[in-house]
Amino acid sequence: MVRGKREITKDLYDRSMENNGHLKTEWYSECFTTAERLGYGVYGTLVFEEDGKYYVQFSMGESCD
């Protein structure tokens with residue numbers, strides 16, 4: 001499992017904050033590729049703001065199963 005962070009839009013950040021800071025799976029396509037979502041697997045998303053930019057922190061599998 002690898003950890004990462006990726007910049008997201010303010011809109012996606014705001015929607016996630018209404019969901020206790022987590023992305024809903026139906027929003028994953030807005031910031032992850034199909035291979036990342038369906039092959040590697042994305043887990044444990046959490047949004048945050050840093051220096052005026054918006055990010056999602058996540059874990060991802062190390063191989064595309």
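## Exercises on strands and rings

K5 stands opposite Q57 in β3. Keep in mind as you work that this is a predicted model.

**Exercise 1. Work out how strand β3 is paired with β1 and β2, and in which sense.**

*Solution.* 
- Step 1: Start from the K5 and Q57 positions, which face each other. Strand β1 covers residues 2–8 and runs antiparallel to β3, with 7 bridges joining the two.
- Step 2: Turn to strand β2, residues 42–50, which also pairs with β3 in the antiparallel sense, over 7 bridges. Here V42 is opposite M60 in β3.
- Step 3: Look at the connection. β2 and β3 make a hairpin with 2 residues between them, and D51 in that turn has a positive phi of about 55°.

**Exercise 2. Is strand β3 mostly covered or mostly uncovered?**

*Solution.* 
- Step 1: Take the strand as residues 53–60 and count: 6 of its 8 residues are buried. β3 is therefore mostly covered, given that buried means under 20% relative accessible area.
- Step 2: Y54 has 15% relative accessibility, so Y54 counts as buried.

**Exercise 3. Classify the ring pair of Y13 and Y54, and say which parts of the chain this pair ties together.**

*Solution.* 
- Step 1: Recall that two aromatic rings are described by the distance of their centres and the angle of their planes.
- Step 2: The structure holds 4 aromatic pairs. For Y13 and Y54, the centres are 4.7 Å apart and the planes lie at 40°, so this pair is tilted.
- Step 3: Y13 belongs to helix α1 (residues 10–17) and Y54 to strand β3, so the pair ties together parts 41 residues apart in sequence.

**Exercise 4. Find the rings over which K5 and R15 lie.**

*Solution.* 
- Step 1: Come back to K5, which lies over the face of Y55, at 4.5 Å from the ring centre.
- Step 2: For R15, the charged end sits over the ring of W27, 5.0 Å from its centre.

Conventions: Residues are numbered from 1 along each chain as its sequence is written. This is a predicted model: local features need pLDDT of at least 70, side-chain atom pairs count only at pLDDT 80 or more; totals for chains, interfaces and linings use all residues. Side-chain values use heavy atoms; hydrogens and water are left out. Buried means under 20% relative accessible area, exposed over 50%, partly exposed in between (1.4 Å probe, protein chains only). Helices (H or I, at least four residues) and strands (E, at least two) are DSSP runs, numbered from the N terminus. Two strands pair if DSSP finds at least two bridges between them. Rings of Phe, Tyr and Trp (its six-membered ring) pair if their centres lie within 6.5 Å; planes under 30 degrees apart count as stacked, over 60 as edge-to-face and the rest as tilted. A charge sits over a ring if NZ of Lys or CZ of Arg is within 6 Å of the ring centre and within 35 degrees of the ring normal.
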